[in-house]
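Let's take a walk through this one together. We'll stop at a few residues and see what surrounds each of them.

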Amino acid sequence: TIPARHLSLRTPIDGRHRRMLIGGEWRDAVSGRTFETRNPATGAVIGTVPQSDAKDIDLAVAAARRAFEGPWSRFKPYERQLLLLKIADEMERHWEELALSDTTDMGMPITRTLANKNRVLGMLRFYAGMATSIHGQTIGNSLPGEIVSYTRKEPVGVVGAIIPWNAPTAASIWKIGPALATGCTIVLKPSEEAPLTPLLIADLMQEAGIPPGVVNVVTGTGAEAGAPLAAHMDVDKIVFTGSTATGQAILRASAANMKRVSLELGGKSPVIVLADADIERAVPVAAMSVFANSGQICIAGSRLFVERPIYEEFVERVAGFAAKLRIGDGADPETEIGPLISPRQLERVSGFIADGAREGARLVTGGERITEGALAAGNFMTPGIFSGVTDGMRIAREEIFGPIISALPFDTLDEAVKRGNDTPYGLGAGVFTRDVGKAHQLANRLRAGSVWVNTYHAIDPAVPFGGYKMSGYGREGGTEHLEEYLNTKGVWIRT
Ligand code: NAD
């Protein structure tokens with residue numbers, strides 16, 4: 001049941017066909033092909049969108065190039081700032097539609113998609129603020145004679161953005177915001193699993209008055225639309241969020257024209273709970289570090305290292321917390337845990353659970369598919385925790401991307417650091433302790449792009465976010481983020 005106040009005409013839950021935005025026009029794919037997108041809570045088709053291929057990507061990149069070289073290049077920083085602020089206002093006015101669109105297309109509980117408003121709009125307004133703060137430097141040189149040297153910061157050009165399905169609104173804004181602030185144009189390819197909200201965002205951007213071709217949203221699969229975008233010779237930069245395997249493919253494809261690449265990839269983040277931690281506070285935070293969004297979070301703290309004296313108690317408490325979570329259709333405001341994105345993802349996560357049991361871990365609670373009752377048609381699984389996990393098990397090494405925690409005991413701080421870092425990934429890490437010295441030690445020694453102490457998931461547009469190791473490179477948020485969308489030019493003038 002969807003609360004009536006969340007419904008409006010624009011909300012894409014009515015099964016109708018939606019077109020994509022290329023060069024300021026709503027278009028179908030050149031081939032005329034389409035694909036369906038479904039509500040993961042019910043299995044119902046909620047819309048069809050164009051299935052693009054290389055021909056559509058060519059059109060979108062050409063439109064983005066024309067805009068970049070044409071009208072958009074004459075927009076002053078202050079004008080770009082005003083436009084971004086206008087888009088943010090437009091999105092704010094339609095936030096309930098955006099929230100419901102994400103909930104119906106990818107399952108995230110409506111309470112969360114509604115609550116994300118300040119975070120996402122804060123990002124957009126942060127980039128708006130940055131648009132007028134982009135500047136080069138005058139740099140003294142040691143050449144003979146009078147030669148002035150300075151740098152200019154210039155937009156890299158046409159940006160291709162490829163995003164996953166687990167947070168479509170936030171992911172779209174993290175790409176569009178910095179691209180527009182710096183004066184780039186963009187071709188955004190949403191995930192085929194959740195294409196509707198990015199199209200709605202494009203619609204709102206049109207209403208805010210964005211010039212044709214500055215933002216293009218092209219729907220399609222990774223193989224047919226993502227790959228040609230990554231390989232395109234006229235794209236200057238690719239920004240990608242998704243799995244590490246796809247990141248590697250994108251990096252290879254980008255070599256053809258040496259385009260700039262930034263990658264926000266997968267993780268297997270450690271959460272380290274010391275015996276002196278405030279257990280009462282740590283349990284819900286550690287649990288929700290994974291269970292929020294049904295575990296489909298890149299920074300999920302899916303390896304839970306607990307110091308041995310409190311290990312059993314902590315695992316029991318997390319299991320108790322998990323068992324009480326309310327599972328259901330994300331559109332119901334009572335729901336705390338929504339569905340997984342697809343039957344395929346449900347199958348994948350079930351495979352991990354079978355492997356965990358086979359390798360000798362003990363499933364304390366959860367990890368069950370819901371096959372009866374009102375939720376049977378959706379992709380639901382109860383949140384779970386494995387105890388007795390060892391470092392070599394598949395459930396301790398690979399990203400599950402489902403509501404499953406692997407709990408591992410440890411004895412010393414050095415051991416926790418060594419084992420915590422023993423992963424090809426390095427996206428996030430959590431620490432729970434009352435000892436400030438140990439907190440600093442762990443924050444310094446854990447090899448991850450974000451370390452949270454006595455909290456988790458804190459993200460702010462002013463603070464850089466990104467990966468170490470195979471979790472990718474480049475940062476989103478913070479002042480350095482804009483650098484990723486800028487070229488630096490040295491200019492020399494003999495006076
Ligand atoms: P995915 O890699 O399967 O797909 C991501 C996007 O890439 C989709 O739009 C897809 O169509 C496209 N794609 C697939 N193959 C492609 C190819 N060969 N060339 C170009 N594009 C291609 O990831 P997913 O399943 O949608 O998302 C889950 C993954 O994303 C997880 O690994 C998760 O950790 C990661 N993720 C990371 C972050 C982060 O900030 N680090 C955030 C969210 C999700």
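Is S294 buried or exposed? S294 counts as buried because 32 C-beta neighbours sit inside 10 Å; the label buried asks for 20 or more other C-beta atoms within 10 Å of a residue's own, exposed means 12 or fewer, partly exposed is in between, and the C-beta atoms are placed from the backbone.

Before moving on, keep in mind that this is a predicted model, where local features need pLDDT of at least 70, side-chain atom pairs count only at pLDDT 80 or more, and totals for chains, interfaces and linings use all residues. Residue numbers start from 1 along each chain, as its sequence is written.

Back to S294, which you'll find in the loop between α10 (279-291) and β12 (303-307). Helices (H or I, at least four residues) and strands (E, at least two) are DSSP runs, numbered from the N terminus. The phi of S294 is positive, near 55°, and S294 isn't a glycine. Most residues other than glycine have a negative phi.

F401 has a positive phi too, near 60°, and isn't a glycine either. Look for F401 in the loop between α13 (394-397) and β15 (404-410). F401 is buried, because 25 other C-beta atoms lie within 10 Å.

Now for a strand: R27 belongs to β2 (residues 25-27). With 17 C-beta neighbours inside 10 Å, R27 counts as partly exposed. Setting aside neighbours within four places in sequence, R27 is in contact (C-beta atoms, placed from the backbone, within 7 Å) with R19, M20 and I22. R27 and D56 are 29 residues apart in sequence, while their C-alpha atoms are 9.5 Å apart in space.

Conventions. Contact = placed C-beta atoms within 7 Å.
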